[in-house]
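Student: I'd like to go through this one with you and check the labels against their definitions. Can we start from the structure itself?

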Amino acid sequence: MRCASGTLISIAVGGLNVALLTALITHLPAEAVEANLRHLERVAPGARVLVCHGGRREDFEQITTPDKLFVEDPDLRAPPITIQSYNEILRRIWEQGVRDEPAIEAVYLLEYDQVVLRSDYERIVLNILTLTGADFLGKNCVDRTRTNWVHYLRFRHDPGLLDFLAKISVRDDPELMFGCLGTGLLMRRAVVSALATMEHYRPSYNELYLPTVVHHLGFRVDDVSRVTDLYAHVRWIPPYRLEEALRLQAAGAVFVHPFKDWRALPVLEAAALASTGGGLNDDLVQRS
Amino acid sequence: MWRLQRAADLRDKRRALGEAAPLLWWLKQVLLLVFGRPVRCATCGWVAFVCVPVVRRGRLVVYGICTECIVEWDSTNALRFRHVDLDRCRRP
């Protein structure tokens, strides 16, 4: 949150002062990005948001917020589910949004179609970081080695990737590969710093590459779904319709993904402002 | 009973593919419902997928797997499967 002078102040979470930077990853036209930003501002006023735009330069120039960066990396623009990489985004986020702000302790990567439905999402997300003690969290972020996960099958015999992992790994098994959904990634400052300042292997796919590299660097990788139902409505496909999103919002859901209808965001904003919201820890359904 | 569960799952999958789900996809689903057998997750007991296992060109091909699974030997001649994703694994 920012105080009246605009200085970043921390959110008190469990007795610790922790600040979160939300990185909104988008490629959409300026009008859609402004709608996303307006939505976040109204639903979660005071949230620190950095727009990471990987679309057209002319759209980026039209975005009015000063908290934005343009990503030129061609790997980000690769066709879906191929070799999309967040390495350059993370480097820029570190340089522009985190390195010189010591108060920021964690970064939350939010894709444009992961919609926030509650004002207390930052507190919720940071509580999970505290609860798990993990350094990197994602949805279904688990060991995918020797599974039939399509992205593991694509890269498991990649000699370049295996060599790279063998060089950087501090683990006993350098061939382990993790995977998670590519949105809703929560990582501590130290993870962002490490990813931003290292040489990366390419080509890679972010859903496999990021949690795998983070694990092999020695950080603790964990699955949000292991401890809460927070991401119960965060899925790959199909997209949520507005009526579904409204129903889930009324039931207390924090996020829905994917939600593509950015023109309908004002309806969700109005519903969020009208709702009372709920306390966080009591909302989280702890898994056994 | 597993066929009812499977039919409910297919509704979501059809939405995922869009309204114009290919005819061949539908044909495959019908064949699986008729000839396939359910494989249950070893952790939660729910049907993980419905399949027709076939040995083809020296490999065991499990037609019908549609979810990420971990597979391990349960005995000297039986495999068991578990969901990878915890939110699919309907543990009690």
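**Checking the labels**

Tutor: Helices (H or I, at least four residues) and strands (E, at least two) are DSSP runs numbered from the N terminus, and angles run from 0 to 180 degrees between N-to-C directions of axes fitted to C-alpha atoms. This is a predicted model, where local features need pLDDT of at least 70, side-chain atom pairs count only at pLDDT 80 or more, and totals for chains, interfaces and linings use all residues. Residues are numbered from 1 along each chain, chains are lettered from A and ligands numbered from 1 as written, and side-chain values use heavy atoms, without hydrogens and water.

Student: How do you know that strand 2 of chain B pairs with strand 3 of chain B?

Tutor: Pairing takes at least two DSSP bridges, and 5 bridges join these antiparallel strands. One of the bridge pairs is B:Val54 with B:Val61.

Student: Why is the contact between A:Arg42 and A:Glu269 called a salt bridge?

Tutor: The rule asks for a Lys or Arg side-chain nitrogen within 4 Å of an Asp or Glu carboxyl oxygen. Here N to O is 2.9 Å, so the pair qualifies. The partners sit 227 residues apart, in helix 1 and helix 11 of chain A.

Student: What makes A:Glu269 buried or exposed?

Tutor: Buried means under 20% relative accessible area, exposed over 50%, partly exposed in between (1.4 Å probe, protein chains only). A:Glu269 has 3%, so this residue is buried. A:Arg42, at 42%, is therefore partly exposed.
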